[in-house]
Amino acid sequence: MAPKSLRVRMAETGLVHIMAAHSPFSAILAEEAGFDGVWASGFELSALYGLPDMSLISMTQHLDMLRAIAGRTRLPIVADIDTGYGNVINVIHAITEYERAGASAIVIEDKTFPKVTSLVADGRQDLLRIEEFQGKIEAAITARSDPDFLVIARTEALIAGLGEAEALHRAHTYVEAGADMILIHSKRKTPCEIESFSRAWTGSVPLVIVPNAYPDLDAKRVKTLGNVCMMIYGNYGIRAAATAMQETFRRIIADGGVQNVHKDIVPVDEIFRIQNMHEAKAAEARFLR
Ligand code: SPV
Ligand code: MG
């Protein structure tokens with residue numbers, strides 16, 4: 001069975017849950033846990049390389065990982081293409097490449113290249129001129145070949161401290177340019193900014209949120225807003241991995257060996273299962289002569 005498109009899934013359930021992935025392995029775990037899709041996160045891939053999320057990871061690096069993810073999960077992939085890797089010409093090229101690589105949607109943000117990650121304190125958050133970003137959206141819509149490939153426009157107006165009026169104005173102009181959805185991001189510790197934006201939103205397309213900074217906004221509360229159709233859990237994969245590895249690695253040093261942690265982490269058989277080892281063994285038994 002072919003994976004359902006995000007549009008279909010959103011129409012069926014009203015709200016899709018998209019988990020951040022930085023590798024095929026994390027995407028497999030997201031699929032097994034029951035998420036509707038994976039977020040090919042720029043933040044997570046940057047962190048995987050031990051780098052800050054500041055446009056240091058190239059499009060080629062991100063695309064290579066996305067292709068590897070697409071090869072190991074049937075979940076739709078929402079690709080975080082940051083600012084689109086340059087100007088409108090780079091965006092056109094990126095859309096073609098990401099669609100071909102197997103993405104179901106892209107999110108493009110209205111910051112200047114190179115960007116600074118959104119949640120860091122005192123980050124430089126320079127926004128693009130509205131007209132230029134509208135051009136990027138129009139170009140993305142024109143460049144896609146499948147109308148179900150979603151072009152999600154992300155405004156960083158709240159992140160940049162420009163206020164709700166500017167965020168709403170930008171979001172409306174991005175819809176005029178053809179955006180399928182609007183991602184509204186906030187770094188407030190409470191959901192107040194997002195809930196206020198959602199209530200004020202009169203645009204014709206639904207909203208996407210990334211509740212990284214304001215964890216209290218759970219799915220039940222989001223559903224009462226009525227116009228948020230996608231939740232992206234934007235840095236939870238890498239944070240969960242960091243938690244587990246930090247704890248385990250610390251204990252091995254403290255214990256002078258693996259004798260204690262051994263029983264608290266998954267057995268190697270579980271990794272074999274996730275790797276599809278049984279299929280490789282079966283193929284070997286059948287064909288290797
Ligand atoms: C990402 O996961 O790369 C995001 C979300 O863009 S955030 O890092 O919160 O901006
Ligand atoms: Mg990002």
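Modeller: In this predicted model, strand β6 (residues 181-184) runs parallel to strand β7 (residues 207-209), and 2 bridges join them. Within this pair, L183 has V208 as its bridge partner in β7. Strands of a sheet pair through backbone hydrogen bonds, either parallel or antiparallel.

The two strands belong to a barrel that 8 strands close in the order β1-β2-β3-β4-β5-β6-β7-β8, with parallel pairing. On average, neighbouring strands of this sheet are turned by 25° against each other, direction ignored. Across β6, β7 and β8 (228-233) lies helix α8 (residues 192-200), which runs at about 175° to β7.

The largest cavity contains about 70 Å³ of space. Its lining is formed by G42, S46, D53, M54, S55, L56, I57, H62, D80, D82 and Y85; by class, these are 4 nonpolar, 4 polar and 3 charged residues.

The second largest cavity has a volume of about 40 Å³. Around this cavity stand A21, H22, A40, S41, L45, H62, M65, L66 and I69, a lining with 6 nonpolar, 3 polar and no charged residues. Helix α4 (residues 59-70) gives the most to this lining, with 4 residues.

Conventions. Residues are numbered from 1 along each chain as its sequence is written. Chains are lettered from A and ligands numbered from 1 in the order in which they are written. This is a predicted model: local features need pLDDT of at least 70, side-chain atom pairs count only at pLDDT 80 or more; totals for chains, interfaces and linings use all residues. Side-chain values use heavy atoms; hydrogens and water are left out. On a 1 Å grid over the protein atoms alone, a cavity is a set of points where a 1.4 Å probe fits but cannot get out, and a pocket is an open set with protein on both sides within 12 Å along at least five of seven lines; lining residues have an atom within 4 Å of a point. Grid points are joined across faces, edges and corners, and a volume is the space filled by probe spheres set on the points. Ala, Val, Leu, Ile, Met, Phe, Trp, Tyr, Cys and Pro count as nonpolar, Asp, Glu, Lys and Arg as charged, and the others, Gly among them, as polar. Two strands pair if DSSP finds at least two bridges between them. Axes are lines fitted to C-alpha atoms, for helices over the stretch in contact, and angles run from 0 to 180 degrees between N-to-C directions. Contact means heavy atoms within 4.5 Å.
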